[in-house]
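Keep the sequence beside you as you read.

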Amino acid sequence: MKGMKFLKVSVLSVFLASALGLAASAQAGVAEGKKAFETKKCAGCHQAQGPAKEKTIQDQLAKKGPELWYAGSKFQPGFLEGWLKDPKPIRPMEYYSLTKKNTGSHQKLSAQEAADVAAYLMSLKSADVKVAIQPRDNPKGRAIFIKKQSCYGCHEVKVRGNAAGGVTGPSLASAATRLQADWIYAYLSNPKVFKPVKDMPNYDGILTDAELKDLAAYVGSLN
Amino acid sequence: MIKTSKKGIVTAITLAGVLLLNVSGAMAATAEENYKFYCAQCHGLQGRGDGPNALPSMPVSPRDHTSAPEMNKLTDDDIMNAIADGGPATSKSSLMPPFGKTLSKSEIVALKDHLRKLCNCKGKGK
């Protein structure tokens with residue numbers, strides 16, 4: 001009898017402890033993540049504060065990694081935590097290299113660090129992502145991506161389960177689980193704010209606003 | 001009291017010139033720089049049409065800019081139209097992207113001159 005009661009109490013306390021632990025790790029985050037970002041010198045390769053700094057090709061070539069100052073507007077919730085624990089190549093080539101393949105050697109974080117850093121990065125929002133875009137496969141967006149502008153010339157997508165397409169842009173093969181469609185539209189329609197100098201051409205003024213919206217919805221649905 | 005010496009004016013003009021030079025120098029890149037940054041990913045660093053995006057699975061290959069027979073089929077205007085508006089401007093594939101909203105008019109002219117050096121050819125009708 002006494003033993004039974006003891007068991008109940010200990011089960012309860014284990015349950016309580018894990019519930020508390022869960023609450024603690026869900027809350028841990030922004031401040032801890034910011035600290036980890038600093039101590040691990042992530043900023044040596046990633047710009048974490050806007051606005052965009054690159055003005056010339058030299059400025060861009062001096063960068064060692066993609067900007068994260070609008071990460072909270074760019075990435076799907078959940079993507080960053082998983083990626084930081086197990087960073088698989090996003091760009092098929094090393095950052096801005098024309099010769100070296102990306103071997104996936106990005107720094108890995110522990111589960112707790114990844115959760116904290118992801119919470120911090122998701123707190124970095126851009127006020128220039130204003131228009132809501134619903135991700136959806138749509139014939140107009142698809143036609144622009146595949147025929148009218150051949151975006152696949154530089155971006156990988158999945159064709160019948162296999163990766164196909166160019167290698168100098170970030171892979172868009174699973175854009176639906178990585179990128180927010182709202183941000184894709186903002187990036188395409190407002191390159192001056194998000195990425196003034198890059199080796200992808202500007203399409204604002206070449207495609208109409210309606211076309212950019214269909215295109216962003218289509219890219220945001222790629223999986 | 002305004003009293004400007006000749007020397008002062010000359011200095012001011014020189015200064016203004018240096019500033020102007022710096023402003024344009026900081027923004028516009030040379031044709032070589034632009035080619036390496038934007039074009040080489042498909043056309044290759046030497047312009048032979050063999051950049052990392054020139055994959056066998058692509059429906060058409062990037063133009064070999066060192067080939068005089070190929071580049072002689074194009075007028076200077078054809079080249080500049082293709083760069084500004086993409087392949088469809090010269091009835092070619094849209095795999096050749098439009099750079100008209102990325103590069104300035106003068107940068108596109110300079111790239112055309114650069115391509116004429118690469119092919120060592122003058123173009124259609126010349």
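Rings of Phe, Tyr and Trp (its six-membered ring) count as a pair if their centres lie within 6.5 Å. In this predicted model, a search of the whole structure turns up 13 aromatic pairs over all chains. Two of them are set out here.

| Pair | Centre to centre | Angle between planes | Type |
|---|---|---|---|
| Trp69(A) and Phe194(A) | 6.4 Å | 5 degrees | stacked |
| Tyr38(B) and Phe99(B) | 5.7 Å | 65 degrees | edge-to-face |

Start with the pair in chain A. Trp69(A) and Phe194(A) are stacked. This pair links distant parts of the chain, 125 residues apart. Trp69(A) lies in the loop between helix 3 (57-61) and helix 4 (71-74) of chain A. Phe194(A) belongs to helix 10 (residues 191-194) of chain A. Both Trp69(A) and Phe194(A) are buried.

Now take the pair in chain B. The planes of Tyr38(B) and Phe99(B) stand at 65 degrees, so the pair is edge-to-face. Here too, distant parts of the chain are linked, 61 residues apart. Tyr38(B) is in helix 2 (residues 31-43) of chain B. Phe99(B) is in the loop between helix 4 (76-85) and helix 5 (105-119) of chain B.

Tyr38(B) has 9% relative accessibility, so Tyr38(B) counts as buried. Phe99(B) has 6%, so Phe99(B) is buried.

Return to chain A for a cluster. Ring pairs join Trp69(A), Tyr70(A), Trp183(A), Tyr187(A) and Phe194(A). Lys198(A) lies over the face of Tyr187(A), 5.2 Å from the ring centre.

Notes. Residues are numbered from 1 along each chain as its sequence is written. Chains are lettered from A and ligands numbered from 1 in the order in which they are written. This is a predicted model: local features need pLDDT of at least 70, side-chain atom pairs count only at pLDDT 80 or more; totals for chains, interfaces and linings use all residues. Side-chain values use heavy atoms; hydrogens and water are left out. Rings of Phe, Tyr and Trp (its six-membered ring) pair if their centres lie within 6.5 Å; planes under 30 degrees apart count as stacked, over 60 as edge-to-face and the rest as tilted. Helices (H or I, at least four residues) and strands (E, at least two) are DSSP runs, numbered from the N terminus. Buried means under 20% relative accessible area, exposed over 50%, partly exposed in between (1.4 Å probe, protein chains only). A charge sits over a ring if NZ of Lys or CZ of Arg is within 6 Å of the ring centre and within 35 degrees of the ring normal.
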